[in-house]
Structures are given as structure tokens and as C-alpha cells.
Amino acid sequence: MPRLLIHAGFHKTGTSSLQATMRKNAGKIADWVRVNTPDETKDLRLAAWLFARNSDEETEELLREAIQAFFDQFDVQDPRDLLITEEDLAGSMPGRHGKTRYDTAPKTLSILIEELARTGFVDHDIAVLLTLRQTEPWAKSCYSQHLRSRPMVSDLETYMTTPAAKCDLAACADEIAAAIAPVPVHRAWLEDIGDLRLGPAEAAIDHLPQLSEHRDVMHPTGIANGTLPEELAETYLALNRQDLDPMELKQAKLQARRAYWRARRQEG
């Protein structure tokens, strides 16, 4: 029975590195697993994001339709394992849109499991993978991401006192597990998997039976979308505090990033 593994987050727990490694090696491992990263999940991701922002009958119906459309593209008779890795299935990153925790994740994933039961994938061995991280380093990484992609104006010290910075990922995982039981929920902590040869991707490989014996053919990619260097973070914060329109801010950050890395190359 093929495995259908759904890696549903959480953000800033090595998800980008996991996805980059699986994407880079997709051709090498195609005999054993079909890999689907955020490059392939755009409509599903948008529907999950909308449901997280406003969970009502309309967004729930959109989510169900997106799940059906996404899984309809696959041949359920294909004997290979199937990996779906999309952290936005967990909802909005805490610190955005007023979110302080992954409150919609249990409902989103229970809807996903319900819809899978109506498809040919009911005959697959379905499991969910959650990657986690200790609260303080996770919150600091989220702050870095907020600086990078949002007009965050709080300094790190202030942000670390907010409810969003105190989100308990283990408790969120417990709520998801309770919501989708008896579907198994596997957990992997970034502190345990980050330094393995293939990094966080090892957590997914461990739960893809057809691939796990062939991981030696895979090549690592290193860290993806990591925490900002302190100097660049300070520059982004200063830019966020200026009265710039969104496009001006985006361009200013792009120029600052290029200047920073150009200077680092010259130093090296």
C-alpha cells in the first residue's frame, strides 16, 4: 500500500530546507516517490490561507474544492509513495493577521482527511508529518521572517514578549493529532534533524517507506530561508519604520540585501 505523507508545517522549522532538498532530488528518487512542494500546491495553499484568515462556510467550501481539485490530478493507481509538503496547511504564521497560534490547523487538516476519504486515496496509507522547533529559536526565526516579508516595526525584544512568540508548537501538534485520529501524526524536532546529512528532509524520508532505503542517492542542499544576519535585520527594521509604500519597501529591501551580500563577498 503506497504511503501518502502530508507534511503540513510548521513554519520556520526547516520546511524550506526540506522542500529544497526534496525538489532538488525529485528526479533521482522518482522511482519511489512523487514529490509535491509549494511550487505545485499554489491553489491548495491559497485556499488554506483564506480559511485560516476567515473560517466560515464559504472559505470551507473553497478549501474542500481546492483539496478535491489538487488530488484529482494524481493517478491513484500509481504504486509510488506520494509526498505533499506545504506548511501553509497549518494556517497563517503566528504574528501575522492577528494570529497568535495555529488555531485553524486542526480543522483544516480534518477537512483534508475527510476529502481524501472520498477519493481513491482512501486505499493509501495516509500519515501527517509535523516539523517542530523549540519556542525561543522558533520565535526569533519567525521575527526574522516578519522583518523580511512584512513591514514589521517592533524590535526583537518587544516581539519576544508577544503571545505570537510564545506559541507552543507541541500543543498545536497535539490538537491536530486529536482532530484527525486515527490518522497518525509523526513529529520531528529541528534540533534533532537539522544537522543530519540531508537535514530536515530526513524526517520526511523516514516516513516514506519506498524511499527510505535509497536515501544515499540524494544530495543535500543546506539551509534555505534561514534567519537574517543581524546587520541585515537591523537594516530591514529601519526600512520598515520609514514611510514607504509596499513596492518602495520591497525594492529597498532587495537593494539592501544585494549590498549586504556584495560586501560579504568582497570581504571573503
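## Y102 and its neighbours

Y102 touches F10, H11, A90, G91, S92, M93, P94, W138, C167, L169 and C172. Residues up to four places away in sequence are not counted. Touching, or contact, means heavy atoms within 4.5 Å.

The model is predicted: local features need pLDDT of at least 70, side-chain atom pairs count only at pLDDT 80 or more, and totals for chains, interfaces and linings use all residues. Residues are numbered from 1 along each chain as its sequence is written, and side-chain values use heavy atoms, with hydrogens and water left out.

## Nonpolar cores

Y102 is among the residues with the most contacts inside the largest nonpolar core. Helix 4 (residues 105-116) gives the most to it, with six residues. Another core lies apart from it, with 21 residues, including M22, I29, W32 and V35.

A nonpolar core is a set of buried Ala, Val, Leu, Ile, Met, Phe, Trp, Tyr and Cys residues joined through side-chain atoms within 4.5 Å. Buried means under 20% relative accessible area, exposed over 50%, partly exposed in between (1.4 Å probe, protein chains only). Helices are DSSP runs (H or I, at least four residues), numbered from the N terminus.

## The largest pocket

The largest pocket holds about 730 Å³ of space. Its lining has 41 residues, and K12, T15, S16, A224 and N225 lie nearest its centre. Helix 1 (15-24), helix 2 (42-53), helix 5 (135-149) and helix 8 (190-193) each give two or more lining residues. Helix 1 gives the most, with five.

A pocket is an open set of points on a 1 Å grid over the protein atoms alone, where a 1.4 Å probe fits, with protein on both sides within 12 Å along at least five of seven lines; lining residues have an atom within 4 Å of a point. Volume is the space filled by probe spheres set on the points.

## The second largest pocket

This pocket has a volume of about 220 Å³. It is lined by 13 residues, with Y143, L147, L156, E230 and A233 nearest its centre.

## D168

D168 sits in the loop between helix 6 (156-159) and helix 7 (169-180). D168 is partly exposed, at 41% relative accessible area. Its side chain has a polar atom 3.0 Å from the backbone nitrogen of A170. The D168 side chain also reaches the backbone nitrogen of A171 at 3.1 Å.

Technical notes:
Polar contact = N/O pair within 3.5 Å; in protein donor to acceptor, adjacent residues only side chain to side chain.
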